[in-house]
Protein chains: 4
Amino acid sequence: MAIRAGIVGGTGYTGVELLRLLARHSEVELAAITSRSDAGRPVSEMFPSLRGHVDLAFSDPAQAGLDDCDVVFFATPNGIAMQQAPALLDAGVRVIDLAADFRLRDASVWEAWYGMPHACPGLLPTAVYGLPEVNRHKLRAARLVANPGCYPTAVQLGFIPLIEAGVVDPLTLIADAKSGVSGAGRKAEVHALFAEAADNFKAYGVSGHRHLPEIRQGLVEVAEGGEVGLTFVPHLTPLIRGIHATLYARLVADCDVQALFENRFRGECFVDVLPAGSHPETRSVRASNTCRIAAHRPQGGDVVVVLSVIDNLVKGAAGQAVQNMNLMFGFDETCGLELVPVLP
Amino acid sequence: MAIRAGIVGGTGYTGVELLRLLARHSEVELAAITSRSDAGRPVSEMFPSLRGHVDLAFSDPAQAGLDDCDVVFFATPNGIAMQQAPALLDAGVRVIDLAADFRLRDASVWEAWYGMPHACPGLLPTAVYGLPEVNRHKLRAARLVANPGCYPTAVQLGFIPLIEAGVVDPLTLIADAKSGVSGAGRKAEVHALFAEAADNFKAYGVSGHRHLPEIRQGLVEVAEGGEVGLTFVPHLTPLIRGIHATLYARLVADCDVQALFENRFRGECFVDVLPAGSHPETRSVRASNTCRIAAHRPQGGDVVVVLSVIDNLVKGAAGQAVQNMNLMFGFDETCGLELVPVLP
Amino acid sequence: MAIRAGIVGGTGYTGVELLRLLARHSEVELAAITSRSDAGRPVSEMFPSLRGHVDLAFSDPAQAGLDDCDVVFFATPNGIAMQQAPALLDAGVRVIDLAADFRLRDASVWEAWYGMPHACPGLLPTAVYGLPEVNRHKLRAARLVANPGCYPTAVQLGFIPLIEAGVVDPLTLIADAKSGVSGAGRKAEVHALFAEAADNFKAYGVSGHRHLPEIRQGLVEVAEGGEVGLTFVPHLTPLIRGIHATLYARLVADCDVQALFENRFRGECFVDVLPAGSHPETRSVRASNTCRIAAHRPQGGDVVVVLSVIDNLVKGAAGQAVQNMNLMFGFDETCGLELVPVLP
Amino acid sequence: MAIRAGIVGGTGYTGVELLRLLARHSEVELAAITSRSDAGRPVSEMFPSLRGHVDLAFSDPAQAGLDDCDVVFFATPNGIAMQQAPALLDAGVRVIDLAADFRLRDASVWEAWYGMPHACPGLLPTAVYGLPEVNRHKLRAARLVANPGCYPTAVQLGFIPLIEAGVVDPLTLIADAKSGVSGAGRKAEVHALFAEAADNFKAYGVSGHRHLPEIRQGLVEVAEGGEVGLTFVPHLTPLIRGIHATLYARLVADCDVQALFENRFRGECFVDVLPAGSHPETRSVRASNTCRIAAHRPQGGDVVVVLSVIDNLVKGAAGQAVQNMNLMFGFDETCGLELVPVLP
């Protein structure tokens, strides 16, 4: 029998992407999707792409019956899930937050970067960071999952093999990351207008982006507590979907990086290590849950360059959330995610 | 047991799209994909999006064993299928040509528009034009299918209800159609370069495009032989995928166009008539086999404006070919085509 | 000595485009640019492209000294210029409104389409519609100019030769027009986001767009009062800049359309009639004030297809405003507008 | 009196961009533009954007009268200028090569990276590398100028202040650079097709790109011969025009990087150092000869992040060539280059 899934805040891009994936998931019944402002409106009216696939209407959160769901996804702005998760968890509902509320273990760090008090710091130790390639075992038993950010997914998957193996200097890491504009969400903001973002490229947040502490926390963990020094520069690029992370690290031990990556991710269903010399393209993972990675040592020197691509809305958000749900409920990890990337 | 499918000419966009669809089709085993120039090269090396989904390598047409297939798709330039189809048909293989070789019933018209002699005019009467919404019955028994062109699919589906009902003047039809650049194929040509086609819009082929006689033939048939006058202007627009046809016709009888369209396409699995007043977007069908249609009468006048959108590589090519295959082999018509459009 | 020019509402795309043009205009001193919300902020901080070219800061309208200008441009939303123009005109300032306030001669028609009462209907008869190719003589003496809309510029220039010559049926005109997204302005709206408008194409406003009465009024005038029947369908296309109008008309008299267009626009500095058989591209006029036009008779039939392209922010807005200013002040009509289009 | 300028190989993007700039240059008469394959064809037929601005037709190189020019620009593939420059120089013509033939001082290094023997290694010591911000004095007397590559321009301008001042470790430099697709030239190649390059992002040439030795040579010179270790990763991004270089260096001395950059480029007409904390956008220099730069020290640490943007066809090619010509002939350095960037 299918589990009942609810979505809080379904009018953004991660919401519609969750719907695209869950609509075809054989083990899930879509029970409710909430939106205070659009309550009563059929989802497929806002997103005509879902006509014929999703019959639900948005419902008011109060009447949505989320307590009766087996799992609730929060596809909301930061600061919402932490208000509502405690009651749902008390009611026995499992929670997957696609926003940042439960990503940082240290509430004071969270509050410094997100500029608000945390509503339930006591839950932070129980939240599992939803990167299956690191925490698969814990995720199977998780009741509260912090779904990783899009940049952190691409960057961590690219650095983890090197740091786990202890072959690079963890103090001089550089992550130069590029994101498509859907990463900014479906919010009416001038900087994300077509006429602003098309045919344009820029960095942003060089002085400090919220994904920096998240990435650093994840890398510190695989470094077994060792210090990590990371420079992280995100860029806005005229893609709809896609993240390309270009990662730089300095080798401190000789290393066959190709073998290192292949061994680390052997058997992973959603990480694809490309042959040596490859340059992964963002479109090669478009609309799919795969992360493709290539590792280089230019001119055989001591700098490792890792190229890591994901679809920010799938492996970087909704797809990874479904992958985590699959683990939490004992489904096949790939269920509902057997998507062939759309190219061209 | 799955049928065995072969693809001739799999290095173009319709080829890779066929692979994307057939790789997940429960009733099909991909038996061979040919490319003379790339024989021996794994398909997923050329199209990394298919890594993990398609294990085939391109094979030389002579060694591909196409005779042992149940169905062969031609995703080749015009003029190839007509050379090879006769032998395959003789061997009992069913053939679906995604190019134009069998689309026009009159060999002399074909030769005039395509600039070469037809290799097997005797087969033309046996070919079924693969528009299921018109020829579903014939397609179930077809051995040779002429898969429609992309423009002709979008334009015919939009005009057919009006012409069948006899409510518009068939002599003054106008089809203003806009196509994404993938419609030009995966050929190295200057006009299709990113730096030429991005941030640019233009008409082409105003003096006469090969899809004009194809559309006219289809409309004449539903007009039951009456004359049809059509002005067809295609445009190149900076989309990867998508066709938007804006159709103009003059009413000669009063008519509830909304009801007319809804009735005509009721029960159709891949034609979605939108509510009155809608404006379909190409992205609402991106990567799916659906045609979405809206019909308008601006200011209640006697001009009907029909808006019809498809993904040129799916309903306009590979998806429609799979739909035709499903009909030919008695599969569920939607098998392998239950695709939720990718938006954004 | 240079004239003093002011701009009201300089934070939108027509505003920044006016600045781009006026900054290099040898006869103009930029005296003031107003923005209530951004008063005090240097213009080049909002638009870094203007660093080194424009030293002004935005000023509060009340302190801007617009009364001391020779000419004031309104680059404001509809409904603003009609509030402020009377006082400026009384003070002897000439006014060019880039919005719609003075475009329609009939106040009641204006009020019906724009949904508000007109603040100064008495000024409407004195306003000159700023299409120099029609009203050049009147513009030289104008004190109040209604700068045409972007679609109306492209559509009228394409239809005018045919209608003036009386060679087409004026009752069955069709204008299928496509615009870049900058035409929607620099307003934070979801539908204009990159992730909504990129890789997407759609029609809008089929039931009735405000440019329809404007175009019809202009065509009625050149038809010498005869009736005009026009179907106008605008489309949003993933261009930053550019309008492509595809126009359809039915010939009622034999006609060498190529000669007709060449004769009509001979000597026009900003209308370029292409050789027979051409397909103008929007990028061929990008960032310039030129309208390029080609006229076709497909298959030698009685349908004329006219292709007309402009840059919506230049000939469709700011450039045409400068052209009008040049006429009003007796400057060379091309002054400040000798721009070579940017291609690629 | 105007000088006479010739262009060899005018059918690519740097060629048409040179024409755009020279057509409005008050001190230059366009004397000839050559193309063997298109001899006799009006330039404006291939590039309709030039209609009304350039009346020349392409001419056969042999008949072009290049010997009678004062300056000849080579906008040719690598390996052409080195064949023809010697004779032109002997005839007293000054030569500016926009390709790579004269960029590297060491012929053996050149031959290794470009894969062909150098035709005139004896000329290499006389060629001046055309980066005015470094070599202005030498350029005034130059007879043969090697116009820098697009990446090298953006990268060197961003690193030079730091290296000249000796405040960073020159052995661990990283340049993560992103280019628009026009950088690949106007050649019919599959990878540069719209349907390949749009909505896609990828690195390329990680193992070694020809611009690496060029950048390294330039940095070694300003490092006064000290060793330079540079990792250079270029990326293809869906822009028509634009390069964004994100540069990383490690401080070895305390330093006010903002003041350092402002002082270094004070008075430079085409380098604009943005206020502290800025993020330059590629579109802020679109179609102009300006390089905009911002320097950051994230979290006040010892990593300097420099953001440097140019238009690859202007400051990265044709514009810098005109700037060099201005210096060579004693014109105002900005002559013909007073271009306001086109935004949006």
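This is a predicted model: local features need pLDDT of at least 70, side-chain atom pairs count only at pLDDT 80 or more; totals for chains, interfaces and linings use all residues.
Is A:Gly6 buried or exposed, judged by the other C-beta atoms within 10 Å?

**View 1. Surroundings of A:Gly6 in chain A.** A:Gly6 is buried, because 26 other C-beta atoms lie within 10 Å and the cut-off for a buried residue is 20 or more. The residue belongs to strand 1 of chain A, which covers residues 3-8. Leaving aside residues up to four places away in sequence, A:Gly6 touches A:Ala31, A:Ala32, A:Ala64, A:Leu66, A:Cys69 and A:Val72. A:Asp70 stands 64 residues from A:Gly6 in sequence, yet the two C-alpha atoms are 8.1 Å apart in space.

**View 2. Domain 1 and domain 2 of chain A.** The domain assignment of chain A places domain 1 at residues 3-126 and domain 2 at residues 150-312. Taken over C-alpha atoms, the centres of these two domains are separated by 27 Å. Their contact involves 10 residues of domain 1 of chain A and 7 residues of domain 2 of chain A. On the domain 1 side, helix 4 of chain A (residues 107-114) supplies the largest share, 3 residues. That side of domain 1 consists of 6 nonpolar, 2 polar and 2 charged residues.

**View 3. Helix 1 of chain D and its packing partners.** Helix 1 of chain D (residues 13-22) is largely enclosed by the rest of the structure, because 10 of its 10 residues are buried. Among them are D:Tyr13, D:Glu17, D:Arg20 and D:Leu22. The buried residues of helix 1 pack against strand 1 (3-8), strand 2 (28-34), helix 2 (43-46), strand 3 (71-74) and helix 10 (314-328) of chain D. Helix 7 of chain B is also a packing partner of these residues.

**View 4. Packing of helix 5 and helix 10 in chain C.** Helix 5 of chain C (residues 132-140) meets helix 10 of chain C (residues 314-328) at an angle of about 35 degrees, and their axes are 8 Å apart. The crossing of these two helices is right-handed. Helix 5 contributes C:Pro132, C:Arg136, C:Leu139 and C:Arg140 to the contact, while helix 10 contributes C:Gln323, C:Asn324, C:Leu327 and C:Met328. By residue class, this contact comprises 4 nonpolar, 2 polar and 2 charged residues.

**View 5. Contact between chain B and chain C.** Chain B and chain C each give 37 residues to their contact. On the chain B side, the elements that provide two or more residues are strand 7 (173-179), helix 7 (194-197), strand 8 (202-203), strand 9 (230-236), strand 10 (243-250) and strand 13 (303-310). The chain B side divides into 17 nonpolar, 13 polar and 7 charged residues.

**View 6. Axis relating chain B to chain C.** Chain B is superposed on chain C by a rotation of 180 degrees with 0.0 Å of shift along the axis, at an RMSD of 0.0 Å. This is therefore the relation of a two-fold axis. Within chain B, B:Pro238 has the C-alpha nearest the axis, at 3.1 Å from it. Both copies use the same surface, since 100% of the contact residues of chain B recur in chain C.

**View 7. Contact between chain A and chain D.** Chain A and chain D each contribute 37 residues here. Elements of chain A that give two or more residues to its side include strand 7 (173-179), helix 7 (194-197) and strand 13 (303-310). The chain A side is made up of 17 nonpolar, 13 polar and 7 charged residues.

Definitions and conventions. Residues are numbered from 1 along each chain as its sequence is written. Chains are lettered from A and ligands numbered from 1 in the order in which they are written. Axes are lines fitted to C-alpha atoms, for helices over the stretch in contact, and angles run from 0 to 180 degrees between N-to-C directions. Helices (H or I, at least four residues) and strands (E, at least two) are DSSP runs, numbered from the N terminus. A crossing is left-handed if the near helix is turned anticlockwise from the far one by less than a right angle, and right-handed if clockwise. Two residues are in contact if their C-beta atoms, placed from the backbone, lie within 7 Å. Ala, Val, Leu, Ile, Met, Phe, Trp, Tyr, Cys and Pro count as nonpolar, Asp, Glu, Lys and Arg as charged, and the others, Gly among them, as polar. Copies are superposed by least squares on the C-alpha atoms of residues with pLDDT of at least 70 in both. A residue is buried if 20 or more other C-beta atoms lie within 10 Å of its own, exposed if 12 or fewer, and partly exposed in between; C-beta atoms are placed from the backbone. Domain bounds come from an automatic or database domain assignment.
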